[in-house]
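Let's take a friendly walk through a protein structure, one piece at a time. Have a look at the picture and keep it at hand as you read.

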Amino acid sequence: MPEIIIEQSQDVINYLNMLKLPISEALRNHMVNIVSGIIATEGNKTVSAIYKKPTCNRERSSGTRFLGEYKWNNEYVDYKRINHSLKSVQRNVDEGTTGFLIVDDSLSKKDKSTKNIEGLDYHHSHSDGKTMWSHCIVTSHYKISEYSLPLNYKLYLRKQYFGKKAKKYFKNKQQLAMQLIDEFVPATEITYLLVDAWYTSGKLMLHALRKGYHTIGRIKSNRVIYPGGIKTNVKEFASFIRSNETCPVTAGDDTYYIYRYEGKINDLENAVILICWSKKNLSDKPAFIVSTDVSLATSTILEYYQNRWDIEVSYRYHKNSLGFDEYQVESLTSIKRFWSMVFMTYTFLELFRVSNRKTLKLQNLGDTIGYFRKQYLVCIAKFAYSCAENGVSLDAVITKLGFAA
């Protein structure tokens, strides 16, 4: 077993203890190793790279077994993490604060040579404008007050993956999104569901209404509306709108020119649709935003919808800073467990950020990751200094730290 050169972060240990997971000390140790390793490791966050850190006292092979073979339930770990997060929010946010449940999907892209990884398929990438060899994950995110927390994730698998059991187990992305909505327990009384154009179906919005959540989201240009009782779509209707029929509305740093339609749309008897241009002469392509809460002012709808950007930011941190795409394990069990640890890492960092944002001046998750990486480097410096004081040679220190000379 490797020697512990540097002690694990006590903040990570304390967080894992607060979750009160009914697991062995050995399993908890693995979770601490992975969460700390994901934060401290720059570059690829493979299991091998994480378990090479001088904070780790486990072999790399045991990390692979932890993800693939050891007995623990990642869905229960996710439940405990989410439950702890929401209780933290409840303790620190006023009861009347408006919260936002955000649902979207993202691709975890892999090289075409990774044929042995379970569940991979070709999925359309909006950013790349083509299909990509990838996993597709539908996720939920919670934005409220200072908190911007990842919640849960569902892997989308095509119907053919299930074979003869497809009728029982297959769920499309809309159904997975509804599952995420069903599982959500809001921390305050008022919650809005924020989605993009792929999730503003009448079925999903009605499902959200039954759960007590109004929806605000983008809609496609072919969405049918009935102005004056005449059936048309929003794109065609927008072509007849003149600039003097719009109102300038400022949201954040931007001003938009808005036409507000309120009335029937397909699947809903009454909703608001905002037809939005960024140019006063309406020469640019309009965007279309729907709200099932017709009582909201136009500026409020835009202000609320801007919170949807938080899930896009979260995807960026998940992939660029926390290694969400960098798994090299092959089984779906191992992959989901790895994602569980990445979501746990993100949640820990965000809760730490909010708790220490003033004293440590942590404005975003990047600042928080930077803080812990500096702490890690300080620990290495202290270790090296202690070795020097005790006459340990430089070569021996480099060897102990696992660095290449």
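Which residue in β3 does Gly99 stand opposite? Gly99 faces Ile144 in β3. Keep in mind as you explore that this is a predicted model.

**Strand β3 and its partners**

β3 pairs with β1, β2 and β4, as the table shows.

| Strand paired with β3 | Direction | Bridges |
|---|---|---|
| β1 (residues 99–109) | antiparallel | 11 bridges |
| β2 (residues 121–125) | antiparallel | 5 bridges |
| β4 (residues 147–156) | antiparallel | 8 bridges |

Tyr122 stands opposite Trp133 in β3, while Thr139 has Tyr153 in β4 as its bridge partner.

Two of these pairings are hairpins. Between β2 and β3 there are 4 residues, and Gly129 in that turn has a positive phi of about 70°. The hairpin of β3 and β4 has 2 residues between the strands, and here Ser145 takes a positive phi near 50°.

**Positive phi in two loops**

Most residues other than glycine have a negative phi. Leu282 has a positive phi near 60°, and Leu282 lies in the loop between β11 (268–277) and β12 (287–291). Lys361 also has a positive phi, near 55°, and Lys361 is found in the loop between α13 and α14 (365–389).

Is Leu282 buried or exposed? Its relative accessible area is 15%, under the 20% cut-off, so Leu282 counts as buried. For Lys361 the relative accessible area is 67%, which is over 50%, so Lys361 counts as exposed.

**An enclosed helix**

Now find helix α11, residues 298–305. Because 6 of its 8 residues are buried, α11 is largely enclosed by the rest of the structure. The buried residues are Thr298, Thr300, Ile301, Leu302, Tyr304 and Tyr305.

Finally, turn to helix α12 (residues 309–320) and helix α13 (residues 332–356). Their axes come within 11 Å and cross at roughly 115°, and the crossing is right-handed. Which residues of α12 and α13 meet? On the α12 side they are Ser314, Tyr317 and His318, and on the α13 side Val342, Phe343 and Tyr346. Sorted by class, this contact has 4 nonpolar and 2 polar residues, with no charged ones.

Terms used
Residues numbered from 1 in each chain as written. Predicted model: local features only at pLDDT ≥ 70, side-chain atom pairs only at ≥ 80, totals over all residues. Heavy atoms only, no water. Axes fitted to C-alpha atoms, helices over the stretch in contact; angles between N-to-C directions. Left-handed = near helix turned anticlockwise from the far one by under 90°. Contact = heavy atoms within 4.5 Å. Nonpolar A, V, L, I, M, F, W, Y, C, P; charged D, E, K, R; others polar. Pairing = 2+ DSSP bridges. Buried < 20%, exposed > 50% of the residue type's maximum accessible area, 1.4 Å probe, protein only.
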